Amino acid sequence: AAIHHFTIACARAPHVATSKERVIANWVRPTTPSKGEACIMRKFLSFARATAFFGIPTLAACAPAQDADPPVDAAIGQGSVSAAAEAGASGQREEASQDQIRLAVLGALAENAIEAGAEGDIERLAAELRAALGGDATVATAGDHLLVTLPSGLLFDAGMSDVNEQGLPELHRLAKNLVANPNSRIEIICHADGAGNASDNLALSEARAKSVEGVLRGNGVARGRMFALGKGDAEPVAPGSAGQDARLNGRVEIYIAPKT
């Protein structure tokens, strides 16, 4: 209210205003007089906010000193302008802070919703695969991905890299499920049983991984979704290389995870 009366007084009665008041009144005077007092106040408050936001001194502080003007007038004028400027800047900072908080909350909610949706899709896919694949296959979930493990003995004849007739139906069922769920990426990793030398095991596992990838691709799974890798006997799950240990170590692991 004090700023309003001060500004209107300068605009209506310049002949009784001090020189500092006339400086401010002339700056805020509307270019189109018919707009009246509303125009004056808009310019004055806009200037006050701008000076506070950018750290520019107010007009009252910058106006040249004149001996004829009472010092108290300048102090009152400067205090009023500074108070208005600080109030405007404080409001802007508070609004910006509230906007940042709202954005952070919305971002966290969206991230949680995406994670929950991805975990739900993985659990659903795991249930479908358990129902579709035979008893020799195992399906396990871990976080945002699942792992399908097939024994090498189910898919391949001893020492061979081509998928055999027994293993083809299993891969066909797997491919059908993967085609129905296209928003995932697939890693095919083959492990050797540990019998024989390491270099032969590595070469055989690599060839088998490519063979599995070829069968899945031939049944509609896009090549760009898959990555095939052979690891030989470098990552055994059982200590031995014969009997039951060999059957556990010789395996095909298929990791399925959401696309990133």
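Two strands are taken to pair if DSSP finds at least two bridges between them, and in this predicted model strands S1 and S2 pair in the antiparallel sense over five bridges. Within that pairing, Ala 140 stands opposite Leu 147 in S2.

- Five strands form an open sheet with mixed pairing, and their order is S1-S2-S5-S3-S4.
- The edges are strand S1 (138-142) and strand S4 (226-230), each of which pairs on one side only.
- On average, and with direction ignored, neighbouring strands of this sheet are turned by 20 degrees against each other.
- Strand S2, the antiparallel partner of S1, comprises residues 145-151.

**Helix H8 and Ser 211**

- Helix H8 lies across strand S3 (184-191), S4 and strand S5 (251-258), and runs at about 160 degrees to S4.
- Ser 211 is found in this helix, which covers residues 198-218.
- Ser 211 counts as buried because its relative accessibility is 15%, and buried means under 20%.
- Leaving aside residues up to four places away in sequence, Ser 211 touches Phe 156, Ser 161, Asp 162 and Val 163.
- A polar atom of the Ser 211 side chain lies 3.2 Å from the backbone oxygen of Ser 161.

**Helix H7**

- Helix H7 (residues 168-180) has 13 residues, which at 1.5 Å a residue should span 18 Å, and this agrees with its end C-alpha atoms, which are 18 Å apart.
- The buried residues of H7 are Leu 168, Glu 170, Leu 171, Leu 174, Ala 175, Asn 177 and Leu 178.

Technical notes. Residues are numbered from 1 along each chain as its sequence is written. This is a predicted model: local features need pLDDT of at least 70, side-chain atom pairs count only at pLDDT 80 or more; totals for chains, interfaces and linings use all residues. Side-chain values use heavy atoms; hydrogens and water are left out. Helices (H or I, at least four residues) and strands (E, at least two) are DSSP runs, numbered from the N terminus. Buried means under 20% relative accessible area, exposed over 50%, partly exposed in between (1.4 Å probe, protein chains only). A polar contact is a pair of N or O atoms within 3.5 Å; within protein, one must be able to donate a hydrogen and the other to accept it, and residues adjacent in sequence count only if both atoms are side-chain atoms. Contact means heavy atoms within 4.5 Å. The expected span of a helix is 1.5 Å times one less than its number of residues. Axes are lines fitted to C-alpha atoms, for helices over the stretch in contact, and angles run from 0 to 180 degrees between N-to-C directions.
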